[in-house]
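Hello,

I am handing over the structure below. Please open it first, then read my notes on the aromatic rings.

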Amino acid sequence: QVQLVESGGGLVQAGGSLRLACAASGRYFSRYTMGWFRRAPGKEREFVSARTWSDDSTYYADSVKGRFTISRDNAKSTVYLQMNSLKPEDTAVYYCAASPGNDYATQAMTYSHWGQGTQVTVSS
């Protein structure tokens with residue numbers, strides 16, 4: 001069983017940066033694909049980024065490519081999302097998720113464990 005706790009959200013001006021962290025408890029963190037999703041007000045949850053466990057492949061939504069970077073520290077059982085050049089449309093609750101597989105890393109249904117979310121607000 002994996003429990004996930006996100007941190008690092010907050011209020012930032014457009015063009016600024018934030019780094020989200022997701023700390024995992026439980027065993028075998030290194031064998032989970034880790035993903036970030038977000039849900040903006042009035043919108044459905046959407047994929048942001050993922051990093052697989054087997055070959056360390058990374059995936060990004062087109063809307064964040066070049067601005068966001070996902071990384072993981074298996075020794076600390078933590079995955080990070082570095083967010084640069086933030087835009088007001090990045091405002092959302094950001095969720096960390098863990099999947100025991102490697103396939104379909106961009107699909108929410110792949111993930112079996114979810115955090116509670118952290119709010120990111122980008123002001124214009």
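**Aromatic rings and charges**

The ring of Trp114 has the charged end of Arg45 sitting over it, 4.4 Å from the ring centre. Please keep in mind that this is a predicted model.

Take Phe37 and Tyr111. Their ring centres are 5.2 Å apart and their planes stand at 80°. The cut-off for edge-to-face is over 60 degrees, so this pair is edge-to-face. The pair links distant parts of the chain, 74 residues apart. Phe37 is in strand β4, residues 33–39. Tyr111 is in the loop between β9 (92–99) and β10 (113–114). Both residues are buried.

Phe37 also pairs with Trp114. Here the ring centres are 5.1 Å apart and the planes are at 55°, so the pair is tilted. Phe37 lies in strand β4 and Trp114 in strand β10, so this pair ties together parts 77 residues apart in sequence.

Trp114 has a relative accessible area of 27% and is partly exposed.

Best wishes

How values were computed. Residues numbered from 1 in each chain as written. Predicted model: local features only at pLDDT ≥ 70, side-chain atom pairs only at ≥ 80, totals over all residues. Heavy atoms only, no water. Phe/Tyr/Trp six-rings, centres within 6.5 Å; stacked < 30°, edge-to-face > 60°. Helix = DSSP H or I, 4+ residues; strand = E, 2+ residues; numbered from the N terminus. Buried < 20%, exposed > 50% of the residue type's maximum accessible area, 1.4 Å probe, protein only. Lys NZ or Arg CZ within 6 Å of the ring centre and 35° of its normal.
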